[in-house]
Amino acid sequence: MKRLTKSYDRKLCGVCGGIADYFNIDPTIVRLIWLLFVLCFGTGILAYIIAAIVMPEG
């Protein structure tokens with residue numbers, strides 16, 4: 001069973017890289033989607049902080 005963990009391919013905390021590893025996609029795509037949520041909805045920042053705290057190290 002796969003486990004969602006932070007990635008070693010980090011830019012800040014490894015959250016986007018960990019999500020990309022979990023779904024087997026390019027981390028750049030996840031980072032762009034996250035940026036879209038931050039710019040359009042404003043909820044991306046809070047979600048990133050929560051994920052950085054909750055996700056275990058990979």
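The largest nonpolar core of this predicted model has 10 residues: Val-15, Cys-16, Ile-19, Ala-20, Val-30, Trp-34, Tyr-48, Ala-51, Ala-52 and Met-55. A nonpolar core is a set of buried Ala, Val, Leu, Ile, Met, Phe, Trp, Tyr and Cys residues joined through side-chain atoms within 4.5 Å. At least two of the core residues come from each of α1 (15-23), α2 (27-40) and α3 (44-54). α1 gives the largest share, four residues. In soluble globular proteins, nonpolar side chains tend to be buried together.

Tyr-48 belongs to this core. Leaving aside residues up to four places away in sequence, Tyr-48 touches Leu-12, Cys-13, Gly-14, Val-15, Cys-16 and Trp-34. Contact means heavy atoms within 4.5 Å. Of the contacts in the protein with a separation of 6 or more, 39% join residues 24 or more positions apart.

The protein has three helices and zero strands. Its elements run α-α-α from the N terminus. Helices (H or I, at least four residues) and strands (E, at least two) are DSSP runs, numbered from the N terminus.

Of the 58 residues, 31% are buried. Buried means under 20% relative accessible area (1.4 Å probe, protein chains only). The accessible surface is about 4200 Å² (Shrake-Rupley method, 1.4 Å probe). Carbon and sulfur atoms hold 70% of that surface.

Mean pLDDT, the predictor's confidence in each residue from 0 to 100, is 82 for the protein, and 88% of residues reach 70 or more. Among the elements, α2 has the highest mean (87) and α3 the lowest (83).

Residues are numbered from 1 along each chain as its sequence is written, and side-chain values use heavy atoms, without hydrogens and water. Local features need pLDDT of at least 70 and side-chain atom pairs count only at pLDDT 80 or more, whereas totals for chains, interfaces and linings use all residues.

Key:
Buried < 20%, exposed > 50% of the residue type's maximum accessible area, 1.4 Å probe, protein only.
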